[in-house]
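Please look over this model with me.

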Amino acid sequence: MYKSMIEIQSLAICLLAALGVCPELKAQWVPAKEAGVLRVATYNVSLNRPVSGQLAKDLAGDTAQAKHLAAVIRAVQPDILLLNEVDFHAESENARKFAEKYLADATTDALGGDAWPMRYSYDGTVNTGVPSGMDLNANGKTSDPEDAWGYGRFSGQYGMAVLSRYEIDVGKIQTLQEFAWADLPGALRPKADGEPYYYDDATWAKLRLPSKSFWGVPISTPLGRLHVIASHPTPPAFDGPEDRNGCRNHDEIRLIQEYIEGADFLRNDDGEKCGLAPSDAFVVLGDLNSDPVDGGSRSEAIRSLLSHPRVANHATPSSSGAASAAQEQAGANERQSGNPKFDTGDFSDRSVGNLRVDYVIPSANYEVLRSGVFWPEIGKVEPSLRKAVEQCLKASDHHLVWVDLR
């Protein structure tokens, strides 16, 4: 027997939402947005495929992965969202089609979410899979995925895209896809102890710094003009004692800070000076592949960015699901010293463990009201919804990070 009208009402709400999600449960995952607030998010969606054109075919069908990813996005309801790892193909327009077919779909999704149209989008060319014509992994060949300007089996693999509910000023977008690594003052040129530089002078002079690309994307929002700084630095792994990927990851993050500061040496892909003005409002979005405490990155770059005087001082986005997962999965997580509730990536427990690698970093122009990582604690999810939530969380090895700005 139910002991109170409150219990009866609660049951009735959940019964009425039998095909969706009890509102009280959903509010535990992502609080409702307040009026006058801008919700900004980043999500590595793992929509990469081993061959060119495969993602377009999958999205045109009825792919379960895309549905589960969309359910997460529709639950969070971001106004602006950066997608990492969505294969770029100019003719297929994968990001736009994902938004139109899976986000704007009026059908209620697995988590009870309704349509969440994101009318505006921007995706562009990236360095992944684009041949450099050089032997960058020193194996005598120039055709390996490691020999591209950014690791990739084909041009556009692991691309990125900005989705928005507000108008993107496409004509004012700044891209630094071709920015030379050697042009970054104080660049960490890879070199093993006691060995010559890993890249000879001729190669070093040509190397591009962004492993995917680097974008400054202005968006007109109800809170004023917002500059989205979007990137996806290379993982600091899969190299040798020279730490070429660790050095590159560090310097790709450094490039973000230089862009914020409007450094004089910066030039965009059109050869024009670029960067932010001191009063510009911005938000850094992306899978930056660097944990401030754990993992194998050169973490001084991310720590410097997070503590930059132009960055808003606010609580780190977190989730109870991340803390619970680290405890249950154990392994490498037991050797970490950072707070597991800040983790955003669910990685191998035999090697690196779970890490904080995905970031939404707003400028001090904004007041940060709330933030979070979409990573529900499975043990606290309503049993009838547990399978759906687990499927959504397994659609990518990363979790969506969101911040509410005012």
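This is a predicted model: local features need pLDDT of at least 70, side-chain atom pairs count only at pLDDT 80 or more; totals for chains, interfaces and linings use all residues.

The points below cover a cavity, one aspartate and several salt bridges.

1. Next, the cavity. The structure holds one cavity of 30 Å³ or more. The volume of the largest cavity is about 50 Å³. Its lining includes Ser-52, Gly-53, Gln-54, Leu-55 and Ala-56. Asp-87, Phe-88, His-89, Asn-94 and Phe-154 also line the largest cavity.

2. Which helix gives the most to that lining? Helix H3, residues 54–60, does, with three residues. By class, the lining of the largest cavity has five polar residues, four nonpolar and one charged.

3. Now look at Asp-358. Asp-358 sits in strand S9, which spans residues 358–362. Is Asp-358 buried or exposed? Asp-358 counts as buried because its relative accessibility is 2%, and the cut-off for buried is under 20%.

4. The side chain of Asp-358 has two polar contacts to check. One is with the side chain of Thr-344, at 2.6 Å. Another is with the side chain of His-398, at 2.9 Å. Leaving out residues up to four places away in sequence, Asp-358 touches several others, among them Thr-42, Asn-44, Gly-286, Asp-287 and His-399. Gly-150 is 208 residues from Asp-358 in sequence, and their C-alpha atoms are 19 Å apart.

5. On to salt bridges. The whole structure has 19 of them. One joins Arg-39 and Asp-404, with the closest N and O atoms 2.7 Å apart. This pair links distant parts of the chain: Arg-39 is in strand S1 (residues 38–47), Asp-404 is in strand S11 (residues 401–405), and 365 residues separate them. Arg-39 and Asp-404 are both buried.

6. Arg-189 and Asp-201 form another salt bridge, at 2.7 Å from N to O. Arg-189 lies in the loop between strand S5 (174–175) and helix H6 (201–206), and Asp-201 lies in helix H6, so the pair ties together parts twelve residues apart in sequence. Arg-189 is buried, at 18% relative accessible area. Asp-201 is exposed, at 56%.

7. Glu-258 and Arg-254 also meet in a salt bridge, at 3.0 Å from N to O. Why are they separated by about one helical turn? Because Glu-258 and Arg-254 are four residues apart in helix H7, residues 244–260. Glu-258 and Arg-254 are both buried.

Definitions and conventions
Residues are numbered from 1 along each chain as its sequence is written. Side-chain values use heavy atoms; hydrogens and water are left out. On a 1 Å grid over the protein atoms alone, a cavity is a set of points where a 1.4 Å probe fits but cannot get out, and a pocket is an open set with protein on both sides within 12 Å along at least five of seven lines; lining residues have an atom within 4 Å of a point. Grid points are joined across faces, edges and corners, and a volume is the space filled by probe spheres set on the points. Helices (H or I, at least four residues) and strands (E, at least two) are DSSP runs, numbered from the N terminus. Ala, Val, Leu, Ile, Met, Phe, Trp, Tyr, Cys and Pro count as nonpolar, Asp, Glu, Lys and Arg as charged, and the others, Gly among them, as polar. Buried means under 20% relative accessible area, exposed over 50%, partly exposed in between (1.4 Å probe, protein chains only). Contact means heavy atoms within 4.5 Å. A polar contact is a pair of N or O atoms within 3.5 Å; within protein, one must be able to donate a hydrogen and the other to accept it, and residues adjacent in sequence count only if both atoms are side-chain atoms. A salt bridge is a side-chain nitrogen of Lys or Arg within 4 Å of a carboxyl oxygen of Asp or Glu.
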